[in-house]
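Below is a set of questions and answers on one model. The sequence and structure come before the first question.

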Amino acid sequence: MPMANRISIVVVSGSLERLQMAAMVASVGAVSGDEVTVFLSMNALRHFTRGTGEPPAAEGPFGRSLQEKKGPGYRQLFQSAAELGDAKIHPCSMAVDVLGVGPGDLEPWVREPLGLTRFLSDAHGAQVWTF
Amino acid sequence: MAERIIIDARGSFCPGPLMELIARLKYGAVGEEFEVLSSDKGSANDIPEWLHKVGHEFLGTREEAGVWHIALRKTK
């Protein structure tokens, strides 16, 4: 069996379009047999806390169109990536500290915080996508 | 012959129909046939591509009144 392709995704933006695109890449990659790791940091992380919260804002007309359409949202797609494709979704440990997010505050499919050194080590030789 | 299992993903956009298929396939038996209904043309192209990549059998696509019917058999 060929070795799985490895995909590392860095999500730093809190915009709807970028979160959605990151979730699309993570979910389709993960369910296609690729090993997917996601690193959530900066403005992205607060959009992964449990509960409804403030939805991510659209950064342009496409995002506004997206808000009116029926389809899987970014949270649902990341959850599918984790549950159907075994994607490993981690918050950045620095962002967790800055936001003051506790263990239980994030979506249940978000794993333990990961430091940048470990993420970079894991990403070595993988495709790296940044959103 | 057993009837195909219909996955109605009309109204959803990419990659929603693919995700609905995968979630359902997980609980299907090897040899079972499925038919995804999608109003999203991109998914009509993407789902056969995914089937080819992961190794399930693609049985064909037809379009009727703006709805694509993508048929497949679970092989593993």
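Q: What span should the twelve residues of helix H3 (residues 74-85) of chain A have, and how far apart are its end C-alpha atoms?
A: Helices (H or I, at least four residues) and strands (E, at least two) are DSSP runs, numbered from the N terminus. The expected span of a helix is 1.5 Å times one less than its number of residues. For the twelve residues of H3(A) that rule gives 16 Å, and this agrees with the distance between the end C-alpha atoms, which is 15 Å.

Q: On what basis are the values computed?
A: The model is predicted, so local features need pLDDT of at least 70 and side-chain atom pairs count only at pLDDT 80 or more, while totals for chains, interfaces and linings use all residues; side-chain values use heavy atoms, with hydrogens and water left out. Residues are numbered from 1 along each chain as its sequence is written, chains are lettered from A and ligands numbered from 1 in the order in which they are written.

Q: Which elements do the buried residues of H3(A) pack against?
A: Buried means under 20% relative accessible area, exposed over 50%, and partly exposed in between (1.4 Å probe, protein chains only). The buried residues of H3(A) include Tyr74(A), Leu77(A), Phe78(A) and Ala81(A). They pack against H1 of chain B, and within chain A against strand E1 (6-11), helix H1 (16-31), strand E2 (35-40) and strand E3 (88-91).

Q: What is the phi of Asp86(A)?
A: Asp86(A) follows H3(A) and lies in the loop between H3 and E3 of chain A. With a relative accessible area of 48%, Asp86(A) is partly exposed. Most residues other than glycine have a negative phi. In Asp86(A) phi is positive, near 60°.

Q: Which residues of chain B lose the most area to chain A?
A: Contact means heavy atoms within 4.5 Å, and 15 residues of chain B are in contact with 16 residues of chain A. Buried area is the accessible area (1.4 Å probe) that two parts lose on being put together, summed over both; here it is about 1200 Å², with 72% from carbon and sulfur atoms. Together giving 44% of what the chain B side buries, the residues that lose the most are Phe13(B), Pro15(B) and Met19(B).

Q: Which residues form the salt bridge across the interface of chain B and chain A?
A: A salt bridge is a side-chain nitrogen of Lys or Arg within 4 Å of a carboxyl oxygen of Asp or Glu. The rule finds one across this interface. Its closest N and O atoms are 3.8 Å apart, and the partners are Lys53(B) and Asp34(A).

Q: Which peptide bond to Pro15(B) is described, and is it cis or trans?
A: Pro15(B) sits in the loop between strand E1 (5-8) and H1 of chain B. Most peptide bonds are trans. The bond from Cys14(B) to Pro15(B) has omega near 0° and is cis.

Q: Which backbone nitrogen does the side chain of His56(B) reach?
A: His56(B) is in the loop between H2 and strand E3 (57-64) of chain B and is buried, at 12% relative accessible area. Beyond its neighbours within four places in sequence, its contacts include Leu25(B), Trp50(B) and Arg73(B). At 3.2 Å, the side chain of His56(B) reaches the backbone nitrogen of Thr75(B).

How values were computed:
Polar contact = N/O pair within 3.5 Å; in protein donor to acceptor, adjacent residues only side chain to side chain.
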